[in-house]
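Here are a few notes to read alongside the model, in the order I would look at things on screen.

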Amino acid sequence: MADRRGDTWKRHISEQLRMRDRVQRQAFEEIISQYNRLLEKSDMQAVLSDAADGGMRGDIQQEMSQMRIKHQEELTELHKKRGELAQNVIELNNQIQLKDKEIQRNEAKISEYQTQIATLEGDCRKLNTFLQDLERANQMLKDEYDALQITFSALEEKLRRTTEDNQELVSRWMAEKAQEANRLNAENEKDCRRRQAKLQKELADAAKEPLPLDPRVQISPQNGTNMNLFVYFMMRGRSECWAKRCGLSCFQEAHDGEVNAVRFSPGSRLLATGGMDRRVKLWEVVSGHCEPKGALTGSNAGITSIEFDSAGSYLLAASNDFASRIWTVDDFRLRHTLTGHSGKVLAARFLLDNTRIVSGSYDRTLKLWDLRSKVCMKTVFAGSSCNDIVCTEQCVMSGHFDKKVRFWDIRAESIVRELELQGRVTSLDLSQERTELLTCSRDDLLKIIDLRTNTVRHTFSAPGFKCGADWTRVCFSPDSNYVVGGSADGGVYVWNVLTGKLERLLDKHHSSAINAVSWSPSGAFVLSVEKGSKAVLWSDL
Amino acid sequence: MADDKDVLRDVWFGRIPTCFALYQDEVTEKEAEPFYLLLPRVSYLTLVTDKVKKHFLKAVKPEDVEEMWFEYEGTPLKWHYPIGVLFDLHALNTALPWSITVHFKNFPERDLLHCLSNSVIEAHFMSCIKEADALKHKSQVINDMQKKDHKQLWMGLQNDKFDQFWAMNRKLMEYPTEEGGFRYIPFRIYQTMSDRPFIQKLFRPASPEGHTHTLGDLLKEMYPAAIAHDGDAKKYQVLIQGIEPLLETPLQWLSEHLSHPDNFLHVCILPVPTD
């Protein structure tokens, strides 16, 4: 509706305008233009006629022609200018087109850059959020770490306090033990003195009574001293016999592996060997043969040394597992294990009263153990690994890696004396009277030291004798007239103490270095054990 | 829209055939013949009468020449009105061509403004445009234009270049779509029978309810006598650009298409001739 109405007035207006133009313009356009042209012409004619009337026609004509020329020139100039302007216009158009193209290119680049910027901004935002997350996680970890640090320091403090308490308690306990040990010592002494007094009394009583001489000797503990003398003579004879006429009695494989230690029991019937197979084997010498009696187990590493107590009922073995063990011989049961060393135990010996044990170890200490309480009573720092130990009533002698033999007073726990040798001390042995000490050292020399004068009495060596290891054991004969030792080449060397010369060399039957030798208390047998797991029994035939 | 473009062209190229005759009492050396010219409706007298001046200067002695002025049947013609308005107001229903008398002496100081150079006409023209835009757009559009754009408007009018003028003028004819039209319509209503030069008031292109105002609504508001009531004979002619548009023509459309180059809608109200 509106359109049609719009159309009406619009059409009306258009019609009206057209009509107006027709009337006002078109009717007069042509006429007016013709009129104006005529006017011009007439003006021109007027000018010309005026000039003709004035008589200055020629000049006027010249003027006219000049004017015409001038006009023509102006006209040509104007044409030229027009041409130039047209040229300018064309050039400008071209430039505009170039500029337009450039603009388009720039706009394309701009849009490209904008998209790039958008993507980069997106990435940037993502990285920012990622960074924030990482920072948060980092912060959390830091907090956790701080908390853990605090707990840690608290726990450290607690540990320190508990270790202090522990040390305090241990020291108190040791003090208590020492007190108890002192009490025991005092008791022992009292006991000893009582027994001595009793013995004296009985001896006195016995001396009063006349006794009939009996051909059959009765061995009884009361006649201990007589017995010893008698046995000594017996042994002396026997050992002299053995030395002059000893020969192989038997040999056999004793252990699986190296055999390190051998010992005859005081009763002379049993002997024990110990080796790297962790076992102590007991043998009985029957008519020149070694019959295996049994094996003592319980050690966790190889056996380094063996000793029987003076009664022959307990056997003490030191082992590489840092402990010494005691078995009862009759039933082969393990009685005690003495732990406490921090290195291999190289030698362990009963003290003369059989209630204490001294052990020397690779950890450079000697420990004194009480058998009743089965704890270590004293520890002395020797300064060097102890290879062998022997004991007298007051004194403990230990031979060390640093070529020294140290003499310790048991009560005072201190070194009384030190002897220096030329080589590492590998073995110690006491003579029967306990006046002489036999040492074997790595410089292949055996020395006898007089304990009363502390001088070297004899030195034994032989061209083929080489000390094979740090634990090569040598020993006296029961009558102290001979000394026997095993060499690295497998030979058993026997020296005569009185002459100082090599008496016998038994070099067959051993194929590897000899670790230890032992002379039976009766003097009839010598047993040597070697690295190659063999044990050879020598006897006089 | 093509029709609208044609309307604009017709308005721009409207011409009035005029005959300029020198005042008889002016002393001349020789007889001054009348000079005929087709005057553009949309321009101003002093802008397009250089040829007239040159023609008549040939006849008049130089010492007698002062500022040239025109009159029609005794009424001095104000040069600052568009030529079309002057014609419609004074000589519409007379025989064509329009006879104007040219004077060189006795300039009527009380009736006419002096116009000594084209820059005066330019200043007047630009001030009319700015006034119109103040009514239409609160002067936003005209103020956003640069100096060269203003110059282009004037040069387009001076050199009679339709495209050059309208390249700039179309900006002044735009309005924001939510408004639906200009803020106020710039118009002037001229009448012969009054002392007032013209009527110019604020008038919206549409009512607050959204009802578009027409030419009739404008006249009802400003000059109710011009509208003929049913039964009565038409007493007045309402002329714009020399034609009488229908009263239901929308005012917004009229302002866009039938305005003069100075952006004003010049309306002439004449009594119907009684011959």
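1. Let's start with a single residue in chain B. B:Glu73 has a relative accessibility of 66%, so it counts as exposed, the cut-off being over 50%. Look for B:Glu73 in the loop that joins strand E3 (69-72) to strand E4 (75-76) of chain B. Its backbone deserves a glance too: phi of B:Glu73 is positive, about 45 degrees, although the residue is not a glycine. Most residues other than glycine have a negative phi.

2. A word on confidence before going further. This is a predicted model, and it scores ipTM 0.76 and pTM 0.44. Chain B has an average pLDDT of 87, with 97% of the residues scoring at least 70. Among the elements of chain B, the highest mean pLDDT, 93, belongs to helix H5 (residues 118-137), and the lowest, 85, to helix H1 (residues 2-12). Where pLDDT is low, the predicted coordinates should not be read in detail.

3. Is A:Ser480 buried or exposed? A:Ser480 has a relative accessible area of 8%, so it is buried, the limit being under 20%. A:Ser480 also has a positive phi, near 60 degrees, and is a residue other than glycine. You will find A:Ser480 in the loop between strand E22 (474-476) and strand E23 (482-486) of chain A.

4. Elsewhere in chain A, have a look at A:Asn185, which sits in helix H2 (residues 57-208). With 14% relative accessibility, A:Asn185 counts as buried. Which separation in space goes with the 226 residues between A:Asn185 and A:Arg411 in sequence? From C-alpha to C-alpha, A:Asn185 and A:Arg411 are 9.6 Å apart.

5. Back in chain B, helix H3 (residues 50-59) has a buried side and an exposed one. Its buried residues are B:Val52, B:His55, B:Phe56 and B:Ala59. Seen down the axis of H3(B), these buried residues fall within an arc of 85 degrees, so they line one face of the helix. The exposed residues B:Asp50 and B:Lys54 are on the face of H3(B) turned away from the buried side.

6. Helix H9 (residues 215-222) of chain B can be read in a similar way. B:Leu215, B:Gly216, B:Leu218, B:Leu219 and B:Met222 are buried in H9(B). Around the helix axis they cover an arc of only 160 degrees, which puts them on the same side of H9(B). B:Lys220 and B:Glu221 are exposed on the other side of H9(B).

7. Finally, a helix pair in chain B. Helix H7 (residues 147-158) packs with helix H8 (residues 162-172) at an angle of about 130 degrees, and their axes are 8 Å apart. That angle makes H7(B) oblique to H8(B). The two helices, H7(B) and H8(B), cross in a left-handed sense.

Note on methods:
Residues numbered from 1 in each chain as written. Chains lettered and ligands numbered in written order. Predicted model: local features only at pLDDT ≥ 70, side-chain atom pairs only at ≥ 80, totals over all residues. Heavy atoms only, no water. Buried < 20%, exposed > 50% of the residue type's maximum accessible area, 1.4 Å probe, protein only. Helix = DSSP H or I, 4+ residues; strand = E, 2+ residues; numbered from the N terminus. Arc of directions from axis to C-beta. pLDDT = per-residue confidence, 0-100. Axes fitted to C-alpha atoms, helices over the stretch in contact; angles between N-to-C directions. Parallel < 35°, antiparallel > 145°, perpendicular 65-115°, else oblique. Left-handed = near helix turned anticlockwise from the far one by under 90°.
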